[in-house]
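Try each task before you read its solution.

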Amino acid sequence: MLELKNITYKIVEHGKEKVILDDISCVFDDKCLTAITGHNGSGKSTLTKIIMGIVKPTRGKIFFDGEDITKLSVDKRAKLGINYAFQQPVTFKGITVKDLIDITTGEENSTDKACEYLSKVGLCARNYLDRDFDKTLSGGEQKRIELALALAKPGKCFIFDEPEAGIDLWSFDKLNNIFDNEKCYIVVSHQERLLKKADKILVMENGKIAKYGEAKTVLKSLGSGYCERLKEGL
Ligand SMILES: Nc1ncnc2c1ncn2[C@@H]1O[C@H](COP(=O)(O)OP(=O)(O)OP(=O)(O)O)[C@@H](O)[C@H]1O
Ligand SMILES: [Mg+2]
C-alpha cells in the first residue's frame, strides 16, 4: 500500500512562489488499478514523479507498505518494488532493445523470453530485439518498448505516465489489457477506455485532488464526454 500524506510541492519562478501540488493526501491500494486524470498542467506527472522519488516534495511524507520512503532515492524505491514509465521515454544510442530487457530483468533472457515481453505490447518482437533503443524507432515504438520494460521489472507498484502518448487509439485499446488488478497500477491517462477499466479514479485540478473514489462513481460525477472535453482543454 502506498500512502501520501500532505504532499506539497512548491517552486520559485521569477522570484515568485508557485504551488504545483497543494497538500495531497491519499492511499493507493495493492491489487488496484488507479487512473489519474485531469487537465494539462494539473500536476499529474509531478505527483507520480514524487511517488518515484524523481522529484522531492517540499513538504509531506510518502509511505510504502508502512515504511517512510520520503527520503529514499529513486534507486532504493525501485529496489522496494516501485516502477515507473515516463511520459516521454528516454532513449539510448548503442544499447539494443534486448540489452535493455536483460538489464531490466537482471538476467540474460532467451530470445523467446525477451520476445514475450515485447509481444505483450503488440510488437512483432524479433524485428526489434537487435535494434538500438534510439531515435530511429518511431515515437509509438519507443513508447511500447518503454511499457514492455516497465512491465518486465519485478515489483509491486507500477506507475505509467500517459502510456497512450504517441500510440494510436486503435492500438491503445488493445494495450489496455496490460493493466490488471493483480498489482498496484497507477496510470495517468486521458483515455475513457482506461478510466472505465480502472477500479479507482483520481482527478487532479490545479495541484489538488478534485475527486477520488470508485471509478464508476467518479465517472458518473464527471458526466459523459469528460475525456473528449479534456482533450479539447475544456
Ligand atoms: N520544475 C518545474 N519548474 C516550473 N514549473 C514546473 C516544474 N515542474 C512542474 N511545473 C509546472 O507544474 C504544473 C504541473 O505540471 P505536470 O507536468 O505535473 O502537469 P500534468 O498534469 O502532468 O500535465 P500534462 O497533462 O500536460 O502532462 C505545470 O504548470 C508545469 O509547468
Ligand atoms: Mg504529464
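First, some housekeeping. This is a predicted model, in which local features need pLDDT of at least 70, side-chain atom pairs count only at pLDDT 80 or more, and totals for chains, interfaces and linings use all residues. Residues are numbered from 1 along each chain as its sequence is written, while chains are lettered from A and ligands numbered from 1 in the order in which they are written.

**Exercise 1.** Work out which residues surround ligand 1.

*Solution.* Start by collecting residues whose C-beta atom, placed from the backbone, lies within 6 Å of the ligand. That gives I11, E13, I20, G38, N40, G41, S42, G43, K44, S45, T46 and Q87. Next, sort them by class: two are nonpolar, eight polar and two charged. Here Ala, Val, Leu, Ile, Met, Phe, Trp, Tyr, Cys and Pro count as nonpolar, Asp, Glu, Lys and Arg as charged, and the others, Gly among them, as polar. β1 (2-13) and α1 (44-52) each supply at least two shell residues, and α1 has the largest share with three.

**Exercise 2.** Decide whether L147 is buried or exposed.

*Solution.* Find L147 in helix α5, residues 139-152. Then count C-beta atoms, placed from the backbone, within 10 Å: 20 or more others means buried, 12 or fewer exposed, and in between partly exposed. L147 has 25 such neighbours, so it counts as buried. Now list its contacts (C-beta atoms within 7 Å). Skipping residues up to four places away in sequence, L147 touches A85, V121, P163 and I178.

**Exercise 3.** Check how long α5 is and how much of it is covered.

*Solution.* The expected span is 1.5 Å times one less than the number of residues. For the 14 residues of α5 this comes to 20 Å, and the end C-alpha atoms are 20 Å apart, so the two agree. As for cover, ten of the 14 residues are buried. The covering elements include β6 (82-85), α3 (97-105), α4 (111-120) and β7 (157-161).

**Exercise 4.** Trace the order of the four strands in the open sheet.

*Solution.* Strands pair if DSSP finds at least two bridges between them. The edges are β2 (16-28) and β5 (67-68), each pairing on one side only. Last, zoom in on β4 (residues 59-64), which pairs with β5 over two bridges; F64 stands opposite E67 in β5.

Methods
Contact = placed C-beta atoms within 7 Å.
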